[in-house]
Amino acid sequence: MSDPRVCVVTGSSAGIGAATARLFASKGWRVVINYSRDPAPAQEVADACQALGAEAMMVKCNVASDEACRALADEVEKRWGRVDVLVNNAGTTRFVDIKNLDGLSAEDFHSIYDVNVIGAYQMTRALLPMLKRHPVTGVVNVSSIASMMGTGSSIAYMASKGALNAMTFGLARALGPDVRVNAIAPGLVDSAWLRTGLGAERFDASVKSYKSRSALAQVIDPEDIARTAWYLGVEATKTTGEVLLVDAGLRITRA
Ligand SMILES: NC(=O)c1ccc[n+]([C@@H]2O[C@H](COP(=O)([O-])OP(=O)(O)OC[C@H]3O[C@@H](n4cnc5c(N)ncnc54)[C@H](OP(=O)(O)O)[C@@H]3O)[C@@H](O)[C@H]2O)c1
């Protein structure tokens with residue numbers, strides 16, 4: 001019998017990444033739990049995956065560091081020797097009002113790009129030898145509706161996710177036919193990202209406003225994005241170079 005398949009999920013100590021790691025674990029996959037700061041929540045996710053009967057390894061790695069991405073790849077190579085799906089989910093932002101052009105510096109753009117764009121590139125490159133070993137494998141980049149709508153936490157963030165979409169198209173062409181590369185563009189997801197970034201009061205107001213404008217009158221749960229990552233990473237074997245919007249119908253709006 002062949003070894004269980006392996007999924008690496010960057011930024012998987014919370015929110016969308018944690019839900020994705022748990023979903024792959026529930027399907028019997030080995031999962032790599034990645035975080036850059038606090039190991040405690042990552043340990044909880046790893047424990048949850050193990051409770052589902054899966055093997056999980058935790059790796060501290062700031063995806064903005066190429067050295068750290070290569071070290072993560074080395075650890076996975078030594079322990080399991082394969083990667084079948086990579087979910088580039090780690091992301092960062094600064095919350096700056098769209099009209100406040102002076103609120104963003106060049107350094108803000110650089111630090112957001114370092115994680116959201118270059119981090120995804122570096123991690124894909126570091127894991128490529130393993131991704132090519134058992135084709136057809138999948139890379140799933142977690143983008144954002146912000147890349148299409150001019151909404152979101154800041155213009156630097158929107159621009160970074162637009163660049164991530166463009167990179168998805170380029171990598172899909174570069175890595176075919178062995179590796180598929182797709183992206184998910186979530187709408188408002190109920191996770192710590194916006195709860196912390198906006199504060200409780202503004203978060204509640206945003207949820208209310210989102211529900212009143214979206215065709216499905218809902219916000220998104222991390223588990224919704226996890227299921228889409230599973231679909232694009234595993235099931236969508238003839239899809240590459242796609243950015244799939246998961247927004248409960250915000251773009252088409254409510255009639
Ligand atoms: N929430 C939304 O409404 C929403 C909407 C559209 C798109 N997204 C995208 O979805 C992704 C995940 O968001 P979320 O809502 O799940 O956020 P979250 O709950 O804040 O979780 C973020 C995760 O990323 C990790 N992380 C942050 N910077 C990292 C780095 N440099 N290297 C490695 N890991 C890092 C965090 O762990 P540490 O703190 O330990 O680093 C944490 O595990 C992001 O790419 C975000 O842009 C979110």
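Ala 185 stands opposite Leu 245 in S7. This is a predicted model, in which local features need pLDDT of at least 70, side-chain atom pairs count only at pLDDT 80 or more, and totals for chains, interfaces and linings use all residues. Residues are numbered from 1 along each chain as its sequence is written. Helices (H or I, at least four residues) and strands (E, at least two) are DSSP runs, numbered from the N terminus.

**Strand S6**
- S6 and S7 pair in the parallel sense over four bridges; strands pair if DSSP finds at least two bridges between them.
- S5 and S6 also pair in the parallel sense, over six bridges, and Thr 137 stands opposite Val 179 in S6.
- Eight of the eight residues of S6 are buried, so this strand is largely enclosed by the rest of the structure; buried means that 20 or more other C-beta atoms, placed from the backbone, lie within 10 Å of a residue's own.
- Val 179, Val 181, Ala 183 and Ala 185 point one way from S6, while Arg 180, Asn 182, Ile 184 and Pro 186 point the other way.
- In a regular strand the side chains alternate between the two faces of the sheet.

**Helix H6**
- Buried residues of H6 include Ile 155, Tyr 157, Leu 164 and Leu 171.

**Strands S2 and S3**
- S2 and strand S3 (residues 56-60) pair in the parallel sense over five bridges.
- Val 31 stands opposite Ala 56 in S3.

Technical notes: A residue is buried if 20 or more other C-beta atoms lie within 10 Å of its own, exposed if 12 or fewer, and partly exposed in between; C-beta atoms are placed from the backbone.
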